[in-house]
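Let's walk through this one together, starting at the ligand and then moving on to a pair of helices. Have the viewer open as you read.

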Amino acid sequence: MHELKLDLAPMSPPRRFAATCDSTPTETDSSPESAAVSTSFAEPFAVVGNAALYHADCLDWMAAQPLASIQGVVTDPPYGLVEYSPSQQEKLRNGRGGVWRLPPSFDGHRRAPVPRFTTLGRDDLDRLSCFFSRWTAALMPVLVPGAHVLVASNPLVSHLVANAICMAGLERRGEVVRLVMTMRGGDRPKNAHHEFPDVTVMPRSGWEPWLLFRKPLDGRVQDNLRIWGTGGLRRHSPERPFADVIKSAPTQPAERQLAPHPSLKPQSFLREVVRAVLPLGEGTVLDPFAGSGSTLAAAEWLGYRSIGVESDMTYADMAVSAIKRLRDYEVPSSSASSR
Ligand SMILES: C[S@@+](CC[C@H](N)C(=O)[O-])C[C@H]1O[C@@H](n2cnc3c(N)ncnc32)[C@H](O)[C@@H]1O
């Protein structure tokens, strides 16, 4: 998830939450590449160790899966829904126009592009809510009872995403705070820097919310653990439970070279959270928005089984080599994770 600016008129009339969830996909909806994506899920696009990658729209893919076949989910969806549409991706790849921009370089280093959303209006926000309702409805049958679902978000839209997911049946289990210094916020008013030198429009953001949910249990936690192997989170050690604040450096240039996806999340963080979603270390972790396969790489590093789904062929291709490279990437010792 990336930088988002909301431009909501303060006096706009109140609207009902998530008006009508139209099931017809639009370009800004869930299925940016659905026309081009194979609907046969018999064979994965690639297999790397215990990781299987599918080139598909995740909504279609989930609809074709066996019931109760996934024990945990860690994923980083496209929150604006437009930035990964084919037309916006073409603009990004051509380096011209669209919602993607290069943030200013203060230290001489070229920064990774981030999507710019100058306006996300009420209709966009309704579409976002609808998308996550449909997404959760498709995910629910695939999960075993007690499966944890961790979804990367952004402080500006996380309330909508969380509400839509809960309304569709998952229980909210809090948030994991990824403490990371971002380039979001902290600016003075646009075109009035000199007039208001002591004002910042939004706080400089130093964290990223990862929303945590669980499919309702089958009995008590202990029953669910015995039957399904899920229901809790894996501890770091007998003395140290999994905790909901994780210090994290921004994704490092060395890691970006291994997987040049514009929304690459770092292995140091992913290894911790992927480890936690399988409380007994058994089962399969799903990433329905796999991108470069970074969640699958973390699962590989941990020795977990994993499945990724990616709708964009360029990123699916990238993931095939990136999963191995990210799996073998040695994170700097200060942020190393335990297996
Ligand atoms: C925010 S990126 C995830 C990047 C990932 N965190 C990484 O480290 O590489 C979201 C990804 O979801 C893909 N995507 C968007 N809509 C999708 C859909 N309906 N089904 C499957 N993948 C989708 C996009 O092409 C994009 O690569």
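Around the ligand sit 24 residues, and the closest are Asp76, Ser263, Phe289, Gly291 and Ser294; a residue counts here if its C-beta atom, placed from the backbone, lies within 6 Å of the molecule. Helices here are DSSP runs of H or I with at least four residues, strands are E runs of at least two, and both are numbered from the N terminus. By class, the shell has eleven nonpolar, eight polar and five charged residues, where Ala, Val, Leu, Ile, Met, Phe, Trp, Tyr, Cys and Pro are nonpolar, Asp, Glu, Lys and Arg are charged, and the others, Gly among them, are polar.

A word on what you're looking at: this is a predicted model, with local features needing pLDDT of at least 70 and side-chain atom pairs pLDDT 80 or more, while totals for chains, interfaces and linings use all residues. Residues are numbered from 1 along each chain as its sequence is written.

Now turn to α3. Its buried residues include Phe131, Phe132 and Trp135, buried meaning 20 or more other C-beta atoms, placed from the backbone, within 10 Å of a residue's own. The buried residues of α3 pack against α1 (58-63), β6 (143-152) and α4, with contact meaning backbone-placed C-beta atoms within 7 Å.

Look at the α4 side: Leu125, Leu128, Ser129, Phe132, Ser133 and Thr136 in α3 meet Leu160, Val161, Ala164, Ile165 and Met167 in α4. That contact has eight nonpolar, three polar and no charged residues.

Definitions and conventions
Contact = placed C-beta atoms within 7 Å. Buried ≥ 20, exposed ≤ 12 C-beta atoms within 10 Å, placed from the backbone.
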